[in-house]
Amino acid sequence: MDPSAVIGIVLLAVLYTLAARQLKRRPTQRQVFFFCLLILAMLITFGPLDELGDARSFWAHMLEHSFQS
């Protein structure tokens with residue numbers, strides 16, 4: 001795992017949560033989608049697609065990039 005990617009994703013989650021609490025907002029559908037996308041980003045960045053893209057398949061590597069952009 002790349003520590004900078006983990007730190008970045010966790011930092012985004014923490015900052016978003018702190019901002020929502022500061023504004024005293026209840027969880028909305030947009031916030032739920034945001035956290036689902038963070039989980040998806042972690043799965044793509046550290047999952048089997050990453051291993052496949054790095055080691056064997058240019059197609060999987062480019063698919064990973066298309067999800068992350």
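Relative accessible area sorts residues into buried when it is under 20%, exposed when it is over 50%, and partly exposed in between. By that scale Phe 34, at 23% relative accessibility, counts as partly exposed. The structure described here is a predicted model, with a mean pLDDT of 81 for the protein chain and with 90% of its residues reaching 70 or more.

**Confidence**

- Within the protein chain, confidence is highest in helix H1, which covers residues 3–22 and has a mean of 88, and lowest in helix H3, which covers residues 48–55 and has a mean of 70.
- Where pLDDT is low, the predicted coordinates should not be read in detail.

**Helix H1**

- Helix H1 is made up of 20 residues and spans 28 Å between its first and last C-alpha, which is close to the 28 Å expected at 1.5 Å a residue.
- The buried residues of H1 are Ile 9, Ala 13 and Ala 20, and, seen down the helix axis, the buried residues fall within an arc of 35°, so they line one face of H1.
- These buried residues of H1 pack against H2, whereas on the other side of H1 the residues Pro 3, Ile 7, Leu 18, Arg 21 and Gln 22 are exposed.

**Helix H2**

- Helix H2, formed by residues 29–46, contains 18 residues and reaches 26 Å from its first C-alpha to its last, close to the 26 Å expected at 1.5 Å a residue.
- Gln 31, Leu 38, Ile 44 and Thr 45 are buried in H2, and, viewed down the axis, the buried residues of H2 lie within an arc of 145°, so they too line one face of their helix.
- On the other side of H2, the exposed residues are Gln 29, Ile 39 and Leu 43.

**The loop between H1 and H2**

- Lys 24 is located in the loop between H1 and H2, and its phi is near 55°, a positive value in a residue other than glycine.
- With a relative accessibility of 75%, Lys 24 counts as exposed, because the cut-off for that class is over 50%.

**Ala 20 and Gln 31**

- Ala 20 belongs to helix H1 and is buried, its relative accessible area being 14%, while Gln 31 belongs to helix H2 and also counts as buried, at 11% relative accessibility.
- Ala 20 and Gln 31 are separated by 11 residues in sequence and by 8.9 Å in space, taken from C-alpha to C-alpha.
- When neighbours within four places in sequence are left aside, Ala 20 is in contact with Arg 25 and Gln 31.

**Aromatic pairs**

- A search of the whole structure finds 3 aromatic pairs, among them a stacked pair formed by Tyr 16 and Phe 34, with 4.1 Å centre to centre and 15° between the planes.
- Tyr 16, at 25% relative accessibility, counts as partly exposed, as does Phe 34 at 23%.
- Tyr 16 also forms an edge-to-face pair with Phe 35, at 5.8 Å centre to centre and with 85° between the planes; Tyr 16 lies in H1 and Phe 35 in H2, so this pair ties together parts that are 19 residues apart in sequence.
- Phe 35 has a relative accessibility of 29% and therefore counts as partly exposed.
- Together, Tyr 16, Phe 34 and Phe 35 make up one aromatic cluster.

Key. Residues numbered from 1 in each chain as written. Predicted model: local features only at pLDDT ≥ 70, side-chain atom pairs only at ≥ 80, totals over all residues. Heavy atoms only, no water. Helix = DSSP H or I, 4+ residues; strand = E, 2+ residues; numbered from the N terminus. Expected span 1.5 Å × (residues − 1). Buried < 20%, exposed > 50% of the residue type's maximum accessible area, 1.4 Å probe, protein only. Arc of directions from axis to C-beta. pLDDT = per-residue confidence, 0-100. Contact = heavy atoms within 4.5 Å. Phe/Tyr/Trp six-rings, centres within 6.5 Å; stacked < 30°, edge-to-face > 60°.
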